[in-house]
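Open the model in your viewer and keep the selection panel at hand. Follow the stops in order.

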Amino acid sequence: MSQKNLSYASEQPDTPWQTYLAQVERVIPLLGELGTLAETLRRPKRALIVDIPIQMDDGSYRHFEGFRVQHSLARGPGKGGVRFHPNVNLEEVMALAAWMTIKNAAVNLPFGGAKGGVRVDPRSLSRRELEKLTRRYTSEIGLIIGPQQDIPAPDVNTDAQIMAWMMDTYSMNSGSAATGVVTGKPIDLGGSLGRVKATGRGLFLTGCDAARRLRLPIPGARLVLQGFGNVGGTAAELFASAGAKVIAVEDDSGAVHNSNGLDIGALQKYRAANGSIRGYAGAEPISTDNFWQLDSEILVLAALEGQLTPARAQALKTRLVLEGANGPTLPAADDILAQRDILVVPDVICNAGGVIVSYFEWVQDFSSYFWSEDEINRRLEQIHVEAFARIWEAAERHGVTLRTAAFLVACERILTARKERGLYP
Ligand code: NAD
């Protein structure tokens with residue numbers, strides 16, 4: 001494969017970038033003549049690595065490494081979140097940017113794909129240090145972001161406050177209030193109603209749609225959840241209020257189990273007060289191995305990439321896997337799930353709710369006219385339902401998994417745009 005002549009093309013199996021490449025390879029034989037343009041999918045258009053020096057509260061200086069990758073701008077400006085995490089690296093950000101290209105095209109938003117990140121444990125920084133880091137990072141990537149160029153948003157460990165600092169920094173540097181440069185902002189600064197819960201809500205809507213097609217009733221369904229942050233917490237809330245029984249939750253501190261169903265409101269309060277779910281009295285602690293072997297009807301993955309390994313896929317006892325996280329399932333695990341007839345609703349459609357409402361936020365910022373939350377949730381549902389139906393139909397037509405079908409629908413759109421635009425110069 002021509003990736004071999006690229007310096008960033010790691011030979012390591014199972015990195016997020018290798019996972020993305022394996023997913024793309026599966027779709028190329030289905031692309032017909034458009035497949036001749038597929039090389040563009042295997043490379044990021046642009047990758048920026050920045051040094052972020054800041055003065056710490058104790059007077060010392062520290063340097064952090066930051067990234068912004070624009071995988072494709074064929075269908076519109078770049079769009080994708082910013083992650084603050086100690087394991088962030090260029091390959092991971094490349095993969096996350098590429099999945100954004102696919103996701104935006106799969107749900108037909110007029111965006112390309114991008115992603116950013118800083119290699120840092122934000123919990124080790126004071127609020128003042130976090131603000132300095134965010135502002136310097138924004139200033140450094142200011143070369144390539146902008147309301148018409150590339151629009152960041154929150155991801156793991158970044159939130160509305162960080163988006164506010166990014167918006168302010170970019171606005172100071174550009175000389176005008178540029179609300180459209182980031183999405184996921186506070187409501188007072190041009191943020192959109194419904195954005196905070198949009199990814200979890202989209203996951204719930206898509207999950208209900210998939211369950212209906214499997215003739216799996218949500219009331220009484222046992223649900224196991226990995227990741228209890230923004231996405232997982234909202235999804236748990238919505239599934240529980242629709243009658244599902246959330247019987248186990250795992251976060252980075254461990255897993256808890258209650259076969260009668262966890263009280264999600266109480267667990268959220270406990271996590272807010274204690275920083276994690278460890279020690280929650282309304283459930284029993286269980287080991288990670290036992291967590292992956294629980295009997296359930298629905299498994300929601302809302303933590304990080306690479307969690308569903310082949311061994312875990314073999315052990316799973318569930319009917320439906322909903323990917324809230326990006327890239328949580330390794331390609332070999334995907335094959336096992338397909339053989340075992342366990343339906344996987346892939347990340348690129350299942351967690352698109354966040355970017356869909358980010359799109360609404362961006363549109364509202366440009367027109368300076370803001371919609372009601374009902375209007376936003378209605379339009380979110382409409383886009384999700386239409387996108388899912390199209391992908392379901394493609395999966396049936398080609399006899400492929402929903403992931404390959406989502407990639408197929410997306411890659412056809414991306415490569416058609418590429419073909420129509422032609423090559424410059
Ligand atoms: P978050 O930081 O709010 O929550 C992450 C959760 O995962 C936390 O509960 C954390 O404890 C848990 N976690 C981390 N490592 C874990 C591990 N090894 N085992 C078990 N649990 C672990 O992040 P979020 O915004 O909810 O994002 C979760 C995932 O969803 C990420 O993959 C992110 O890229 C993806 N995503 C988020 C959005 C969004 O709008 N927030 C949109 C699309 C995709």
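## Two domains

Begin with the protein chain, whose domain assignment gives domain 1 (44-189) and domain 2 (198-350). Give each its own colour. Keep in mind that this is a predicted model.

The centres of domain 1 and domain 2 are 28 Å apart.

## The domain interface

Now select the residues where the two domains meet. On one side, 13 residues of domain 1 make contact; on the other, eight residues of domain 2 do. Domain 1 and domain 2 bury about 830 Å² between them, and carbon and sulfur atoms give 55% of that area.

Keep Arg83 on screen. Arg83 also has a polar side-chain atom 3.0 Å from an oxygen atom of the ligand.

## The ligand shell

Centre the view on the ligand. Select the 22 residues around the ligand; those that come nearest are Asp155, Thr199, Phe228, Val231 and Asn326. Colour the shell by domain: domain 1 (44-189) and domain 2 (198-350) each contribute at least three residues.

Next, colour the shell by class. Seven residues are nonpolar, nine are polar and six are charged.

Which helix and which strand each supply at least two residues of the shell? Select helix H6 (230-241) and strand S7 (245-251).

## Polar side chains at the ligand

- Asp252: a polar side-chain atom lies 2.9 Å from an oxygen atom of the ligand.
- Arg195: an N or O atom of the side chain is 3.5 Å from an oxygen atom of the ligand.

How much of the ligand's area does the protein bury? The ligand taken alone exposes 830 Å², and the protein buries 83% of that.

## Two backbone stops

Asn108 sits in the loop between helix H2 (90-106) and strand S4 (113-119). Check its backbone: phi is positive, about 65 degrees, although Asn108 is not a glycine.

Finish at Pro425, in the segment after helix H14 (402-421). Is the peptide bond from Tyr424 to Pro425 cis or trans? The bond is cis, with omega near 0 degrees.

Note on methods
Residues numbered from 1 in each chain as written. Predicted model: local features only at pLDDT ≥ 70, side-chain atom pairs only at ≥ 80, totals over all residues. Heavy atoms only, no water. Near = heavy atom within 4 Å. Polar contact = N/O pair within 3.5 Å; in protein donor to acceptor, adjacent residues only side chain to side chain. Areas by Shrake-Rupley, 256 points an atom, 1.4 Å probe, with all protein chains shown as cover. Helix = DSSP H or I, 4+ residues; strand = E, 2+ residues; numbered from the N terminus. Nonpolar A, V, L, I, M, F, W, Y, C, P; charged D, E, K, R; others polar. Domains from an automatic or database assignment. Contact = heavy atoms within 4.5 Å. Buried area = accessible area lost by both parts, 1.4 Å probe.
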